[in-house]
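The sequence and the model come first.

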Amino acid sequence: MSMTVRGLTRAATAGLVAAAALTAAAHSAEAADTLGSAAAGQGRYFGTAVAANHLGEADYTATLDREFSSVTPENEMKWDATEPSRGTFTFGSADRIVDHAQSQGMDVRGHTLVWHSQLPSWVGSLGASDLRIAMNAHINGLMGHYKGEIHSWDVVNEAFQDGGSGARRSSPFQDKLGNGFIEEAFRTARAADPAAKLCYNDYNTDGVNAKSNAVYDMVEDFKSRGVPIDCVGFQSHFNSNSPVPSDYRQNLQRFADLGVDVQITELDIEGSGSAQAADYTKVVEACLAVSRCTGMTVWGVTDKYSWRSGGTPLLFDGNYQEKPAHDAVLSALGGSGDPGDPGDPGDPGDGTLSCTATYTRTADWSSGYNGQVTITAGDEPISSWTTTVTLPAQQSVSSLWNGTPTRSGNVMTVRPSWNGTLAAGASTSFGFTVAKNGSDAAPAVGTCTAS
Ligand code: G3I
């Protein structure tokens, strides 16, 4: 789709926002065995960067749809993709991602409006006054098109230099418009879509350092002067040269204390195995410890399409298998794993004791029957178990073996006699003889509890 209009909203014509909200509500009611549902249980979103050209790949889309509650177009909303020549807006690839996200009840982060990179050459050739007009027109063009459909926009991206100076980065905007371009972009953005959260987004600002101090000073200044800013994005691209900072949580918190939300916007951590998993845990725990940390986004679904694919920095490997890092994130979010998926919360080694109780009738005669309950330990060894057997009102138990019953009305609570200790996955059983007294109905066996 190609558009040259300003202010024509997709949502107004398609009525998609309400539908998306309804589906989102359905998502959050699901069991917390995916990243998105577990994060929802913590009041957060869990998102991923998405590339439109992978949406046709079944495994990619299945993993995306199952696990994530928010998407960020990885490249499709950038200036070179959306306004390659002045005044001609091309939204085809970005629309595909937004449409897909909405069909799945996912939120969308907008990335990014004003950035020195992936900037078409025509922008750099403009003089100052024309550049200001073009910058504002670009913001209005994108935000107008997606008005009401984007929960947070990265209004300005990476405007500060790396290193110790805390200076602004050279760019056509900085060089021709000066420091004020950032403020102007935020003011234009607020007017274009008042419902969207407006974020400043950067990298190497994850710990307390000269660069994050410079961003902090800018946000503090914006808040004191009423410049509209709602959130700060911390990209969080980590590897051995740039590890998760020890003051990560503290840094998120000091920004939150300025009165803005914080979001982890492009998380990836190079590495593998338990070391990578431990680093991911640190990041998730830091976000959960900061009440204004509203969500996390990893920078891609699968290692094979990562911008740093050689560093295998994501949660799913190239075959879409969950990595230890995935299980660590799910666990840190309070989620529970899929049965039989090694390493998930609830699997061997996580310390969760469990058992099951199943009933069978082993003998039957006109006035009575024998019942048997088989107790099976879960993934961990157990030293005791408890379950209940509830008899139909007329029936009574005349004897019970291989268990210790306590009776209360027609409910027997049964504990082990000699057979409390069970290896992981091992079974034992207790049996009992019942007088039917005119009722042939089966007893009900309750939940098994292990210790
Ligand atoms: O689409 C073209 C394709 O037609 C061409 O054949 C191919 C040849 O190289 O290039 C393709 O474009 C590439 C594009 O990704 C899509 O794959 C660009 O060369 C490549 O430079 C671009 O890289 C993106 C990078 O931003 C550009 O700066 C990465 O995918 C994207 O993950 C990365 O994301 C950035 C965030 O926006 C901002 N923060 C840092 C982050 C990581 O660099």
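## Serine 171

Serine 171 is buried, with a relative accessible area of 7%. Buried means under 20% relative accessible area, exposed means over 50%, and partly exposed lies in between, with a 1.4 Å probe and protein chains only. Serine 171 sits in the loop between strand 6 (152-157) and helix 9 (172-177). Helices (H or I, at least four residues) and strands (E, at least two) are DSSP runs, numbered from the N terminus.

Leaving aside neighbours within four places in sequence, serine 171 is in contact with His116 and Lys176. Contact means heavy atoms within 4.5 Å. Serine 117 is 54 residues from serine 171 along the chain, and their C-alpha atoms are separated by 8.8 Å.

## Basis of the model

This is a predicted model: local features need pLDDT of at least 70, side-chain atom pairs count only at pLDDT 80 or more, and totals for chains, interfaces and linings use all residues. Residues are numbered from 1 along each chain as its sequence is written, and side-chain values use heavy atoms, with hydrogens and water left out.

## Ligand site

A polar side-chain atom of glutamate 74 lies 2.4 Å from a ligand oxygen. For lysine 78, a side-chain N or O atom is 2.6 Å from an oxygen atom of the ligand. Glutamine 235 places a side-chain N or O atom 3.0 Å from a ligand nitrogen. The ligand has 790 Å² of accessible area on its own, and the protein covers 44% of it. Accessible areas come from the Shrake-Rupley method with a 1.4 Å probe; for residues, only the protein chains shown count as cover.

## Nonpolar cores

In soluble globular proteins, nonpolar side chains tend to be buried together. A nonpolar core is a set of buried Ala, Val, Leu, Ile, Met, Phe, Trp, Tyr and Cys residues joined through side-chain atoms within 4.5 Å. The largest one here has 93 residues. Phe46, Trp153, Val156 and Phe186 have the most contacts inside it. Another core, of 20 residues, lies apart from it and includes Val373, Ile375, Leu422 and Ala450.

Beyond four places in sequence, its contacts include Met77, Gly110, His111, Leu113, Leu142 and Met143. Tyr146, Ala196, Lys197, Leu198 and Cys199 are also among them.

## Helix 14

Is helix 14 (residues 324-332) largely enclosed or open? It is largely enclosed by the rest of the structure, because 7 of its 9 residues are buried. These are Ala325, His326, Asp327, Ala328, Val329, Leu330 and Ala332. They pack against helix 3 (35-41), strand 2 (45-50), helix 4 (58-67) and helix 13 (273-289).

Histidine 326 has 0% relative accessibility and counts as buried. A polar contact of 2.9 Å joins its side chain to that of aspartate 327. Just after helix 14, glycine 334 takes a positive phi of about 85°.

## Backbone exceptions

Most residues other than glycine have a negative phi, and most peptide bonds are trans. Asparagine 204 is not a glycine, yet has a positive phi of about 55°. It lies in the loop between strand 7 (197-202) and helix 11 (210-225), and at 30% relative accessibility it counts as partly exposed. Threonine 312, also not a glycine, has a positive phi of about 35°. Its place is the loop between strand 11 (293-298) and helix 14. Threonine 312 is partly exposed, at 29%.

The peptide bond from histidine 111 to threonine 112 is cis, with omega near 0°. Threonine 112 belongs to strand 5 (residues 107-114).

Methods: Polar contact = N/O pair within 3.5 Å; in protein donor to acceptor, adjacent residues only side chain to side chain.
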